Amino acid sequence: MSDPVTRVVTSSMIGMTMPDAARWSERVVVVLGQNPGPFTGPGTNTYVIGTGRRRLLLDTGQGIEGYDDILTRALEELCDGAKLERIVLTHAHPDHIGGVERVRARHGELPLWKMPLAGSDRGHDVVAIGDGDVVEVEGATLEAVWTPGHARDHLCFRLREEDVLLSGDQVLGAGTTVIPPDGDLGDYLESLERLRALGSRRIFPAHGPVVEDPRARIDEYLAHRALRDVQILEALGAGLTQTADMVRRIYVDIPEFLHRAAGVSVEAHLRRFEKQGRVRRDGDAWSLR
């Protein structure tokens, strides 16, 4: 008898390293945010996009000292000395918006384009963009795709000229996306289906390497979440009521320092079940209805 399947997504960003800066396509240079960690892998990928003398920066990292020098060097050495004309954000989580102040201190008071989210934009004035809006810079056209779930203000961007999807935290280069307490797993799954229908040629994620087969990766993500649904319901059926106990039962193949992140994912599934009327919560205890 074969062993039961414990996970669908087997790739991981544990121990992964990436170069500080690299050219990923004719129009895209990636610059690493210098913020490695359990939730960020090797760090946040930020992207210099365009082909002309003025380019845009997609995401800004967390505001880590040293990123500024790497970004400046990438503009000089990989972008022919181009300057930045604006900042565009996928969403307002700290490792994406946190570097805005440092980037502006080095490159000027660049306008900030994103989907507004009250209370999350760090007091910045933003140029509002939403689903279907187009952001243009010389040599590149980005079409915004609203993908709520990981965050309510989450936008992916389709680079039309290359049929590349800049996926933010919706799809990662390895491992899976965590759905935080202010996210919604149901919305996230619907957003995955929407991206699957786009049929992009490649994905440039906010964490990890290029995804060369987007449809296969998205199918893997959907199957992964379906398996976690089954595992969590089985854990509840076995009488487990605490998230930490469910994590120890389900995540038998990850180191303990990642259990906190795993617990966040388990609770995202539980909140979805609660919304569907399949489970009930009493304080920090969960049970089947």
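## Report on a predicted protein model

The mean positions of the 35 positive and 44 negative charges of the protein lie 1 Å apart. The model is predicted, and every value below is computed from it.

### Overall build

Seven helices and 14 strands make up the secondary structure of the protein. The radius of gyration is 19 Å, close to the 19 Å that the globule rule gives for 289 residues, so the protein is as compact as a globular protein of that length. Taken along the principal axes, the box filled by the C-alpha atoms is roughly 60 × 40 × 35 Å.

Of the 289 residues, 54% count as buried. The protein exposes about 12,600 Å², and carbon and sulfur atoms supply 49% of that area. Contacts between residues at least 6 apart in sequence join residues at least 24 apart in 62% of cases.

### Aromatic pairs

Three aromatic pairs turn up in a search of the whole structure. One of them is formed by Y47 and F204, which are stacked at 6.2 Å centre to centre with 20 degrees between the planes. This pair links distant parts of the chain, since Y47 belongs to strand β3 (residues 45-49) and F204 to strand β12 (residues 202-205), 157 residues apart.

Y47 counts as buried because its relative accessibility is 3%. F204 is buried because its relative accessible area is 0%. Ring pairs also bring in W24, which forms a cluster with Y47 and F204.

### Around G208

G208 lies in the loop between β12 and α5 (214-237). With a relative accessible area of 0%, G208 is buried. The C-alpha atom of G208 is separated by 9.9 Å from that of V171, 37 residues apart along the chain.

D68 is found in helix α1 (residues 67-77). At 9% relative accessibility, D68 counts as buried.

D80 is placed in the loop between α1 and β5 (83-88). In contrast to the buried D68, D80 is exposed, with a relative accessible area of 59%.

### Strand β5

R86 is located in strand β5. At 11% relative accessibility, R86 counts as buried. Leaving aside neighbours within four places in sequence, R86 is in contact with R55, L56, L57, L110, P111, W113, V135 and E136. A separation of 53 Å lies between the C-alpha atoms of R86 and G239, which are 153 residues apart along the chain.

### The loop between β2 and β3

P38 lies in the loop between β2 and β3. P38 is exposed, with a relative accessible area of 52%. Not counting residues up to four places away in sequence, P38 touches F257 and L258. The C-alpha atoms of P38 and H259 are separated by 9.9 Å, although these residues are 221 residues apart along the chain.

Q34 has its place in the loop between β2 (28-32) and β3. The relative accessible area of Q34 is 24%, so Q34 is partly exposed.

### Backbone angles

Most residues other than glycine have a negative phi. Q34 has a positive phi of about 65 degrees although it is not a glycine. D80, also not a glycine, has a positive phi of about 55 degrees.

### Accessibility of selected residues

The table gathers relative accessible areas for residues discussed above.

| Residue | Relative accessible area | Class |
|---|---|---|
| Y47 | 3% | buried |
| F204 | 0% | buried |
| D68 | 9% | buried |
| G208 | 0% | buried |
| R86 | 11% | buried |
| Q34 | 24% | partly exposed |
| P38 | 52% | exposed |
| D80 | 59% | exposed |

Note on methods: Residues are numbered from 1 along each chain as its sequence is written. This is a predicted model: local features need pLDDT of at least 70, side-chain atom pairs count only at pLDDT 80 or more; totals for chains, interfaces and linings use all residues. Side-chain values use heavy atoms; hydrogens and water are left out. Helices (H or I, at least four residues) and strands (E, at least two) are DSSP runs, numbered from the N terminus. The radius of gyration is taken over C-alpha atoms; the globule rule is 2.2 Å times the number of residues to the power 0.38. Buried means under 20% relative accessible area, exposed over 50%, partly exposed in between (1.4 Å probe, protein chains only). Contact means heavy atoms within 4.5 Å. Accessible areas come from the Shrake-Rupley method with a 1.4 Å probe; for residues, only the protein chains shown count as cover. Lys and Arg count as positive and Asp and Glu as negative; His and the chain ends are not counted. The place of a charge is taken as NZ of Lys, CZ of Arg, CG of Asp or CD of Glu. Rings of Phe, Tyr and Trp (its six-membered ring) pair if their centres lie within 6.5 Å; planes under 30 degrees apart count as stacked, over 60 as edge-to-face and the rest as tilted.
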